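Hi there,

Here is the structure I promised to pass on. Have a look at it first, and my notes follow just below.

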Amino acid sequence: QAQFYPKVSFSWIPSDAGWWSPVGPISSLQFRGSWGWAGLQPGAFDALTTYAPAASASGSAIVPQNLGNEDLAPEVSKEWEVGFTTGLFNNKANLEFTYWDRVTEDALFARQFAPSGGFRSTQLVNLGTLEAHGIEVNVNATIVKKKDLNVELFANGAYLRENVASLGGAPPLKVGGSYPRYRNFLIEGYAPGANFGAALADVPAGSIP
């Protein structure tokens, strides 16, 4: 089915106004912000259960290939951001700052069921809520600008924090492959795919000869 993703954004440049005059090193200034939705659609046939042929010494058969999910829905991310861009020292340098916040609902995840149930393939499900926010900073400056020489310096930095807010009642889910050495999980209160090491037994000193 069709999915609606609304979005709205604004920008205000006070330095373009007639009353503007430079404030210290600030020669130009722009404020901006936006709010909107984005999403991830499941595949066209992910909701359907399909089968694949199998051959053995006892004869031919069919085995489950894709575990369908009639309740499958699109993943929806709701995000807002605010920031500003300013020109410094007669626009010889520029500073850009952005703060953003995102909440992802009905996150799509390929869930693995116990093989003892007869299904080795994963099933795509809508599972829980993910939260994330971050900061981005960019700085660039023109050091030398001549007819035959142009020298510019730039730097950027970012901060990111992600959190699994809810798994919809599901237990912690293992990600990153089935090999036991990979210990990445989806656990409420931690970043998606966080790595957890095996707990070591507390052995009193001197108890092992």
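To start with a question: is Glu96 buried, partly exposed or exposed? Glu96 counts as partly exposed, because its relative accessibility is 32%. For that scale, buried means under 20% relative accessible area, exposed means over 50%, and partly exposed lies in between (1.4 Å probe, protein chains only).

Before I go further, a word on what you are looking at. This is a predicted model, in which local features need pLDDT of at least 70, side-chain atom pairs count only at pLDDT 80 or more, and totals for chains, interfaces and linings use all residues. Residues are numbered from 1 along each chain as its sequence is written, and side-chain values use heavy atoms, with hydrogens and water left out.

On confidence, the mean pLDDT of the protein is 87, pLDDT being the predictor's confidence in each residue, from 0 to 100. A value of 70 or more is reached by 94% of the residues. Strand 1 (residues 7-12) has the highest confidence, at 96, and strand 11 the lowest, at a mean of 78. Strands here are DSSP runs of E with at least two residues, and helices are runs of H or I with at least four, numbered from the N terminus.

Salt bridges

Glu96 belongs to one of the 3 salt bridges in the structure. A salt bridge is a side-chain nitrogen of Lys or Arg within 4 Å of a carboxyl oxygen of Asp or Glu. The partner of Glu96 is Arg32, and their closest N and O atoms are 3.5 Å apart. This pair links distant parts of the chain: Arg32 sits in strand 2 (residues 26-40) and Glu96 in strand 6 (residues 93-105), 64 residues apart. Arg32 counts as buried, because its relative accessibility is 16%.

Another salt bridge joins the side chains of Glu105 and Lys78, at 3.5 Å from N to O. Glu105 lies in strand 6 and Lys78 in strand 5 (residues 75-88), so the pair ties together parts that are 27 residues apart in sequence. Glu105 is partly exposed at 31% relative accessibility, and Lys78 is partly exposed at 27%.

Arg102 and Glu79 also form a salt bridge, with the closest N and O atoms 3.8 Å apart. Here too distant parts of the chain are linked, with Arg102 in strand 6 and Glu79 in strand 5, 23 residues apart. Arg102 counts as partly exposed at 24%, and Glu79 counts as partly exposed at 25%.

Strands

Strand 3 (residues 50-56) and strand 4 (residues 59-66) run antiparallel and are joined by 7 bridges. They form a hairpin with 2 residues between them, and Pro53 stands opposite Ile62 in strand 4. Two strands pair if DSSP finds at least two bridges between them.

Further along, 3 strands make an open, antiparallel sheet in the order 11-12-13. Its edge strands, each pairing on one side only, are strand 11 (173-175) and strand 13 (194-195). Strand 11 pairs with strand 12 (residues 184-186) over 3 bridges, and Val175 has Asn184 in strand 12 as its bridge partner.

Nonpolar core

Which residues make up the largest nonpolar core? There are 9 residues in all: Phe109, Val125, Leu127, Val164, Leu167, Ala170, Leu173, Val175 and Leu186. A nonpolar core is a set of buried Ala, Val, Leu, Ile, Met, Phe, Trp, Tyr and Cys residues joined through side-chain atoms within 4.5 Å. Leaving aside neighbours within four places in sequence, Leu186 has contacts that include Phe109, Val164, Pro172 and Gly193, contact meaning heavy atoms within 4.5 Å.

Aromatic pairs

The whole structure holds 6 aromatic pairs. Rings of Phe, Tyr and Trp (its six-membered ring) pair if their centres lie within 6.5 Å; planes under 30 degrees apart count as stacked, over 60 as edge-to-face and the rest as tilted. Among these pairs, Trp35 and Trp37 are edge-to-face, 6.4 Å centre to centre with 65° between the planes. Tyr190 and Phe196 are also edge-to-face, at 5.1 Å and 80°. Ring pairs link Phe185, Tyr190 and Phe196 into a cluster. Tyr190 is partly exposed at 43% relative accessibility, and Phe196 is partly exposed at 24%.
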